[in-house]
There are 2 protein chains.
Amino acid sequence: METITVKLTKNSYPIIIGKGLFQYLKNFWPLKKGDKVMIITNKTLAPIFLEKIIFFLKKVNEKIDYIILPDGEKYKNLSTINQILTTLIQKNYGRDTTLIALGGGVIGDITGFAASIYQRGINFIQIPTTLLAQVDASIGGKTGVNHDLGKNMIGSFHQPILVIIDINFLKLLSARELSSGMAEVIKYGITFDQNFFLWIEKNINKIMKINKLTMVNLIRRCCEIKAKIVNQDETEKNSRALLNFGHTFAHAIETHIGYGKCLHGEAVAIGMIIASRIAKIMNNFCESNIVRIIKLLQLTNLPIYAPKNMQSSTYIPYIMRDKKVINEKLRLILPTSIGHAKIYSDIDHSCILNAIQNSQEL
Amino acid sequence: METITVKLTKNSYPIIIGKGLFQYLKNFWPLKKGDKVMIITNKTLAPIFLEKIIFFLKKVNEKIDYIILPDGEKYKNLSTINQILTTLIQKNYGRDTTLIALGGGVIGDITGFAASIYQRGINFIQIPTTLLAQVDASIGGKTGVNHDLGKNMIGSFHQPILVIIDINFLKLLSARELSSGMAEVIKYGITFDQNFFLWIEKNINKIMKINKLTMVNLIRRCCEIKAKIVNQDETEKNSRALLNFGHTFAHAIETHIGYGKCLHGEAVAIGMIIASRIAKIMNNFCESNIVRIIKLLQLTNLPIYAPKNMQSSTYIPYIMRDKKVINEKLRLILPTSIGHAKIYSDIDHSCILNAIQNSQEL
Ligand SMILES: NC(=O)c1ccc[n+]([C@@H]2O[C@H](COP(=O)([O-])OP(=O)(O)OC[C@H]3O[C@@H](n4cnc5c(N)ncnc54)[C@H](O)[C@@H]3O)[C@@H](O)[C@H]2O)c1
Ligand SMILES: NC(=O)c1ccc[n+]([C@@H]2O[C@H](COP(=O)([O-])OP(=O)(O)OC[C@H]3O[C@@H](n4cnc5c(N)ncnc54)[C@H](O)[C@@H]3O)[C@@H](O)[C@H]2O)c1
Ligand SMILES: [Zn+2]
Ligand SMILES: [Zn+2]
């Protein structure tokens, strides 16, 4: 069991990483026995994990209840939030309630956002069950839901009081979902840590086989990087924006194709390739680096071509709604080398269109 | 023109109070000329004030747009929020947008909440146009909307960057709305400031005639009290809760009778009388004080009887959903003398039912 602390000005919280952690819950559980707990999970996960989790939680908390949502990115919206809030009010859950997100990034984002607006803010705990949520979505307090017109357009910053990352959850995760999570892992390597990128290249086979020790090391490094960045810039005024590498294009693809049809990590993989191609024009980012990135994504079974049925010009309106747009000026995160990235603004649309076209399969 | 500053750990902001302030906008306007501004107002206020306000705003900001909502407490809900967010996305408003609330507490609460969750939080400015919003709702960053099952159940703490209180707005306010605002004014006197209570008693005739100098003094004192309390306890962990005096019962009445049918201040007046009667049992709060409170509310043309068609037992489920309930234990704000109040917990239901019954007209 390892602990990484996210240190913030107002409050700090631990990320606990390990295998079979729920046995040791009382060693790090922040609630009192009588505190009320409401678990939020989905229809896929409930039959697999809910009973076991409740069994362990009962040892540290008496009052445990749950809400089971439908599964999928397309339910990450305001209407699901309203459904959760209604249940909480109907069942008389007060400000002293703690929500628990048991699931992937979708459940985590929904639960965190519900917690942030119920009675002007209640506590929540993240129990991420996908690789993507364990390395990225569960940490740092970005919460929110999608709008038909744009991904993650509605949300807030609301930090969890605890994150529990148990790699045992990954056993049942589909290969496709594992790959999706790896896109965010590779993102950390490209934008923040060259050595980590090299390490991923070297260990990609073990990773894809979910070797336990390798996975703990991988997740720990991602959590360290993310915690450090969130410590520096909780509300994304500066350096945290670098974590959005590839995401401007990813969100355009996800919104246009329809939420859930393309996995978040798959869209991020394509987005990173497009951004790398723009970097080549903007700052002479090496072609050889682009090749290495594409190769690693390929080994991870991630898509490396932008969707054929989405014309390059189609991206523009989505891109101009990106949260990084200021004064009608698009800002993009571009790598300068493997392990470093910078924010660029005012990039020529023709350069962007070109990079998208070059990223489509011939 | 007078300025009161709300000082918070993260950010501070000014409350500007006066008459005809918009002439002098450039003296205190926090935005740059090119910054985008979206005014939120309602159908009643738009024909009266919107054109004039835009005329003045155009001198300090080039990009001004507006959204006109239907008028009424019953539109203070998630669906109106969704409507605002949709418009903002459709029109490509980014994180660099500032929302302006031009209206009473309903518009202020809606606008602040929309600002708090659009793209994880954008700036907003309060231009309160009712007495209630000028003395209370526009200050302190409580934002939110109602749920069918409970008032202000959904929301967040999100502070404005500026509050502009111009008493010229009050000229067209109906007598009933003026009285409604006075309920919150009297609340400050009972819970925090005996001298202010005495001052209100003495000046009630001038107040009801909206004497300008008297109104500026009244509003300034309310803003001072509220700013001081918010400075001490932004997120209502302690002393700020005292401002909820009367509100547990008020919210029960408003939710049960139907949002908008009874004005917020009217419900607060009744709630304060019920709470004062409970105080008599719990801490020997003087009958003579209760008589003084009732008399002042009566001179203010506020209702002094609990609604006849709402049985005392009907209050209980609403009361138990109050945001101050912890561990199924109700907490109530009760006056100990005129000018002081305290939080009491674990009050006998029979004592509450009695106080409600005693507050109904025979
Ligand atoms: N808040 C943030 O900082 C942040 C960061 C990155 C991504 N995200 C968001 O996260 C979401 C994507 O998260 P995700 O990739 O975890 O998707 P997801 O939550 O949809 O989970 C993927 C699928 O795997 C299933 N699943 C989850 N855990 C499982 C397990 N242990 N075994 C078997 N199946 C399991 C889920 O039911 C779902 O069908 C996106 O909405 C994205 O925007 C948020
Ligand atoms: N956020 C807080 O801290 C806080 C504090 C107190 C009350 N509130 C909320 O405020 C709301 C009540 O606010 P309110 O009493 O201002 O009601 P309101 O906003 O509904 O305004 C009352 C009526 O007066 C009209 N009006 C507004 N300004 C006018 C003017 N200058 N001239 C003529 N008509 C005008 C409005 O169109 C409306 O019909 C409630 O929802 C309450 O919960 C919030
Ligand atoms: Zn992501
Ligand atoms: Zn009030």
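Biologist: Which conventions apply here?

Modeller: Residues are numbered from 1 along each chain as its sequence is written, and chains are lettered from A and ligands numbered from 1 in the order in which they are written. In this predicted model, local features need pLDDT of at least 70, side-chain atom pairs count only at pLDDT 80 or more, and totals for chains, interfaces and linings use all residues, while side-chain values use heavy atoms, without hydrogens and water.

Biologist: What rotation superposes chain B on chain A?

Modeller: Two copies of a chain are related by a rotation about an axis and a shift along it. Here the rotation is 180 degrees, with 0.0 Å of shift and an RMSD of 0.0 Å (least squares on C-alpha atoms of residues with pLDDT of at least 70 in both copies). That is the relation of a two-fold axis.

Biologist: Where does ligand 2 lie in relation to the domains of chain B?

Modeller: Domain 1 (2-172) and domain 2 (175-359) of chain B both give residues to its shell, so ligand 2 lies between them; the bounds come from an automatic or database domain assignment. The ligand is surrounded by 26 residues (a heavy atom within 4 Å), and Gly105(B) is among the closest.

Biologist: Which polar backbone atoms lie 2.7 Å and 2.9 Å from ligand 2?

Modeller: A polar contact is a pair of N or O atoms within 3.5 Å. A backbone atom of Gly105(B) is 2.7 Å from a ligand oxygen, and one of Lys142(B) is 2.9 Å from a ligand nitrogen.

Methods. A polar contact is a pair of N or O atoms within 3.5 Å; within protein, one must be able to donate a hydrogen and the other to accept it, and residues adjacent in sequence count only if both atoms are side-chain atoms.
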